[in-house]
Amino acid sequence: MGIPKKGVADSAMAEIELEAAVEAARGGDEMAFALLWRENNSRLTKFVQARTFKSDLDFEEIVAETWSNVAKDLKKFKGDYSGFTAWVYAIARNRIIDASRKRDRTIRPQSELDEASWIPSTQDIEKDFEADEKVKNIIAAINRLPEAQAEVLMLRVVSDLSVEEVAKIVKKNANAVRVLAHRGMATLKEELGGRDE
Amino acid sequence: MNNDKDFINDPLFKDLRKFAAKETGPENMPAELFTAFRNAQIKSARNKWTGRTVIGLVGVAIALPTLSYAHVLPKPVENVVNKVTHFVTTPVRIVTSVISSDSAVTPTPSPSNSPDAPIPTTNPTPPVVGPVSPSVPSSGEEEKEGNVVKKPEGHTESKKSGQSEGNQEKEKSMESSDANKSEEPEKSSKTASAVPSIGGPANEGGNSESNKGGEKGGERE
C-alpha cells in the first residue's frame with residue numbers, strides 16, 4: 001500500500017495509528033497532522049521532483065502549496081489513510097498541472113529562454129539524485145513517455161502507491177491504470193535496453 | 001495482484017525505487033505549515049458557526065410570525081412579534097399601495113374605455129319589482145339584485161326546479177284567487193304567454209285571448 005515502509009509505519013499497528021492520525025488531524029490535532037506529513041512528505045517531494053524534472057517548475061514550491069492546500073481542506077476530506085494519501089497526491093498532481101499551465105501562459109523574453117531556465121532545476125535534481133546517472137536516465141526516459149503513462153509509472157514506482165490508489169488519483173479504473181503502466185514499462189525497456197546495448 | 005507486485009519489483013525500476021525510498025528533506029514539519037494548519041482550523045470553525053447562526057436566524061424569522069399568527073405564543077411575545085412584523089412589512093405595504101394607486105390612475109386600454117363603447121350609467125337601473133317579464137319566468141328571479149342571484153330562503157333545490165315550482169304556485173294562486181286584485185289581470189296576461197294555461201275559458205287561446213280574459217277578470221271585479 002501507500003504507507004512508507006519505515007519506522008513505526010512497518011506494522012499493522014502503524015497503519016491503525018495512521019488511520020487514527022487522519023481522524024485526529026481532521027479534528028484539529030497538530031501532532032497528528034505532523035505525523036501524516038512526516039509519513040508522506042519525502043515520497044511526495046520525490047514524485048513532484050521527478051515529474052518536474054528538466055522543467056523550470058519549482059518543485060519545492062509545488063510541494064509547499066500542496067501541503068498548504070491539504071492543511072486548509074483537511075476538514076472537508078472524508079476517508080481512511082489510503083484515501084488520504086491518494087488525495088494528497090491528487091492535489092500535488094493538480095498543482096503540477098496548474099504550474100505548467102501558468103508557465104505556458106507567461107510570456108518570457110527570448111534571452112531568458114535561451115539561457116535555458118530549466119538548468120537550475122536540473123542542478124537541484126542532480127544534487128538530490130547524488131549524481132546517479134542511472135536514476136536521472138530513467139526519470140528522463142519516463143518523462144519522455146506519453147503523459148498518462150509517465151504519471152502512472154511515477155505514482156506506482158516513486159510514490160509506491162497501489163493500483164487502486166493511482167486509479168483514484170488519475171481518475172481512471174484499475175485496469176486502465178495497469179494497462180498504462182505495462183505499456184509504459186514495455187516502452188521503457190525498449191528504450192533503455194537499446195541504449196544499454 | 002501478483003502481476004502488480006512483479007511490476008514494482010522489476011529490475012528496471014530498482015534504482016528508481018532506491019532513490020524514492022531514501023529519506024530526504026526536513027525531519028520536522030515547517031513552522032509555516034503549522035501556522036497554515038492552525039489558521040485553517042480557526043477559519044473552518046468560524047465558518048461552521050457563522051453558517052449555523054445564519055440558518056438559525058432564518059429559521060426563527062420564519063417560525064416566530066407563523067407561531068404568532070397561530071396564537072401559540074404568549075401574549076407579550078406575540079405583541080412584540082406583531083410589532084416587529086408590522087415594522088418590517090410597513091415599507092413593503094406602502095410600496096405596494098403606491099404601485100396599486102399608480103396602476104389605478106393610469107388608464108388601461110380596455111373595450112369599456114374605448115370611445116365606441118357605450119357610456120356606463122352612473123345609476124344602474126334598479127331591479128324591477130312587480131310584474132315579471134313574460135319571457136323570463138320565475139319566482140326565484142324576483143330576488144335578483146343586479147347580477148347576484150339570491151336564492152329564496154329555504155330553497156335548496158336547483159334554479160330550474162325553483163322556477164317550475166314558482167310557475168305552479170302562480171297558476172294555483174291564479175286559480176284560487178280568481179283575479180281578486182287589480183294587478184292580477186295584468187300579471188296573468190303577462191305570464192300567460194310563458195305559462196301554459198291550466199284551464200278556464202279566460203286563459204284559452206293565446207295572448208289576445210288571455211288579455212281578454214284578464215279584462216274579463218277585471219270586469220268581474
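Predicted model: local features only at pLDDT ≥ 70, side-chain atom pairs only at ≥ 80, totals over all residues.
**View 1. The interface of chain A and chain B.** The size of an interface is often given as the accessible area lost when the parts come together. Chain A brings 42 residues to the contact and chain B brings 29 residues. Across this interface, 2 salt bridges are found.

**View 2. The salt bridge of B:D10 and A:K189.** The two side chains meet in a salt bridge, with an N to O distance of 3.0 Å.

**View 3. The surroundings of B:Q41.** B:Q41 belongs to helix α3 of chain B. With a relative accessible area of 13%, B:Q41 counts as buried, because this value is under 20%. Leaving aside residues up to four places away in sequence, B:Q41 touches A:A25, A:R26, A:G27, A:G28 and A:K75.

**View 4. The largest nonpolar core.** In soluble globular proteins, nonpolar side chains tend to be buried together. The largest nonpolar core here has 71 residues, and those touching the most other members are A:F33, A:W67, A:F84, A:I139, A:L188, B:F13 and B:L16. Among the residues touched by A:W67, not counting those up to four places away in sequence, are A:F33, A:F84, A:V88 and B:L33.

View 5. B:L67 is partly exposed, as its relative accessible area is 35%.

Methods
Residues numbered from 1 in each chain as written. Chains lettered and ligands numbered in written order. Heavy atoms only, no water. Buried < 20%, exposed > 50% of the residue type's maximum accessible area, 1.4 Å probe, protein only. Core = buried A, V, L, I, M, F, W, Y, C linked by side-chain atoms within 4.5 Å. Contact = heavy atoms within 4.5 Å. Helix = DSSP H or I, 4+ residues; strand = E, 2+ residues; numbered from the N terminus. Salt bridge = Lys/Arg side-chain N within 4 Å of Asp/Glu carboxyl O.
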